[in-house]
Amino acid sequence: RIVSVVRGTGSALPAKIMRNRDFEGVVETSDEWIRQRTGIEQRHIAGEGETTVSLAEAAARRALEASGVSPADIDLIVLATATPDNTFPASAVQVQHRLGMSHGFAFDVQAVCSGFLYALTTADMYLRTGQARRALVIGAETFSRILDWEDRSTCVLFGDGAGALVLEGVTQDEEGGEKGIIASKLRSDGAHQGKLYVDGGPSTTGTVGHLRMQGREVFKHAVGMITDVIEACFGATGITAEDIDWFVPHQANRRIIDASAKKLGIAPEKVVITVDRHGNTSAASIPLALDTAARDGRIKPGSLVLLEAMGGGFTWGAVLVRW
Ligand code: ACO
């Protein structure tokens, strides 16, 4: 039996940092309002020349370096984004080319904030069926480019960045013991599409459009959906909240994260938080948080890590992985 194991992680953030106070001349808001409602203190904003593809490439190179794997060893790239450089070709093939690869195959997946978990699950399927051996799984976004900078209810929430990991398909015997992706549950329900969407697109307006969100409506559904899908993961594996070493949720809002952890019975000291420094980076938030916790030594070989996300669509999901 083949399992998909994580070999290493990497991430990249734009150079420019925008603190809550920097919004005070842009829209009517305050550091206190943003901090209290969301837990966000600052976010990174892409500057000239920084794009989803350039951030994805930088994160991918760091993940390859951390894994001791070269682009020649990669035969699949799955990139999650809702803010690609171009409508087509996929940002994944642009990263493939920048890495000097002309072998293997690369494509994007789009599930907004849940995109990284969709990408990870998709890559896991290719590795487990033997269609690929080593995958780069990337979440990369430049949400600053689709924000309405006059809408204070959304523009303060998001940031830009990218995270990546190298996933390798190995037989369980080769690896010795239970490692890698243990369980994955994905969900979606398009009935909620009007609660969080972009008001443009190639086939409707011919423009990129701007992000629109009914924040309170999203908040109302988030904790229930997140905890349901995690409980489905627990039910499928017999793993419980006490077994988890690190809970790495999608970083949208501190209140959603804390309420989900509390409802599940996951201790606060096991929760990885980056939303204070990164804001909501959509598909990039989980791999950015994973890389943060792997590099500072919290996540290490043997750690049992629970990932969770919920976002536009709605889409949501959870993945359990042994490092
Ligand atoms: N600064 C100051 N006041 C603001 C701001 C702001 N940046 N934004 C909104 N307000 C005002 C509103 O106009 C409103 O004023 P009013 O009462 O005079 O009409 C008041 O604050 C309350 O607005 P609400 O939207 O009801 O505030 P709420 O407490 O719900 O907080 C928030 C808003 C933070 C967006 C919250 O609903 C939330 O976190 N929702 C979850 C959405 C989310 O995180 N989405 C991310 C994408 S989806 C995902 O990744 C899960």
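Two strands pair if DSSP finds at least two bridges between them, and strands themselves, like helices, are DSSP runs numbered from the N terminus (H or I, at least four residues, for helices; E, at least two, for strands). In general, strands of a sheet pair through backbone hydrogen bonds, either parallel or antiparallel. Keep in mind that this is a predicted model, where local features need pLDDT of at least 70, side-chain atom pairs count only at pLDDT 80 or more, and totals for chains, interfaces and linings use all residues. Residues are numbered from 1 along each chain as its sequence is written.

Let's start with β6, residues 134-142. On one flank, β6 pairs with β7 (residues 160-171) in the antiparallel sense over nine bridges, and in β7 the bridge partner of Leu 136 is Val 166. β6 also pairs with β4 (residues 76-80), this time in the parallel sense over five bridges, with Leu 76 standing opposite Ala 135. β6 is mostly covered too: nine of its nine residues are buried, buried being 20 or more other C-beta atoms within 10 Å of a residue's own, with C-beta atoms placed from the backbone. Arg 134, Leu 136, Ile 138, Ala 140 and Thr 142 point one way, while Ala 135, Val 137, Gly 139 and Glu 141 point the other.

Now for another sheet. This one is open, with four strands in the order β8-β13-β12-β11 and mixed pairing. β8 (180-188) and β11 (246-249) sit at the edges with a single partner strand each, so one side of each has no neighbour in the sheet. From one strand to the next, the twist averages 10°. Inside, β12 and β13 (residues 315-322) pair in the antiparallel sense over eight bridges, and Glu 308 has Ala 318 of β13 as its bridge partner.

β12 (304-311) also turns up around the ligand, where it supplies at least two residues of the shell, as do α1 (31-38), α5 (152-155) and α7 (215-237). The largest share, five residues, comes from α7. Altogether 23 residues surround the ligand, and the closest are Thr 29, Cys 113, Gly 215, Phe 219 and Ala 252; a residue is near a molecule if its C-beta atom, placed from the backbone, lies within 6 Å of it. The shell divides into 12 nonpolar, eight polar and three charged residues.

Finally, follow α7 to α8 (residues 254-264): their axes come within 10 Å and cross at roughly 40°. That makes α7 oblique to α8.

How values were computed. Nonpolar A, V, L, I, M, F, W, Y, C, P; charged D, E, K, R; others polar. Buried ≥ 20, exposed ≤ 12 C-beta atoms within 10 Å, placed from the backbone. Axes fitted to C-alpha atoms, helices over the stretch in contact; angles between N-to-C directions. Parallel < 35°, antiparallel > 145°, perpendicular 65-115°, else oblique.
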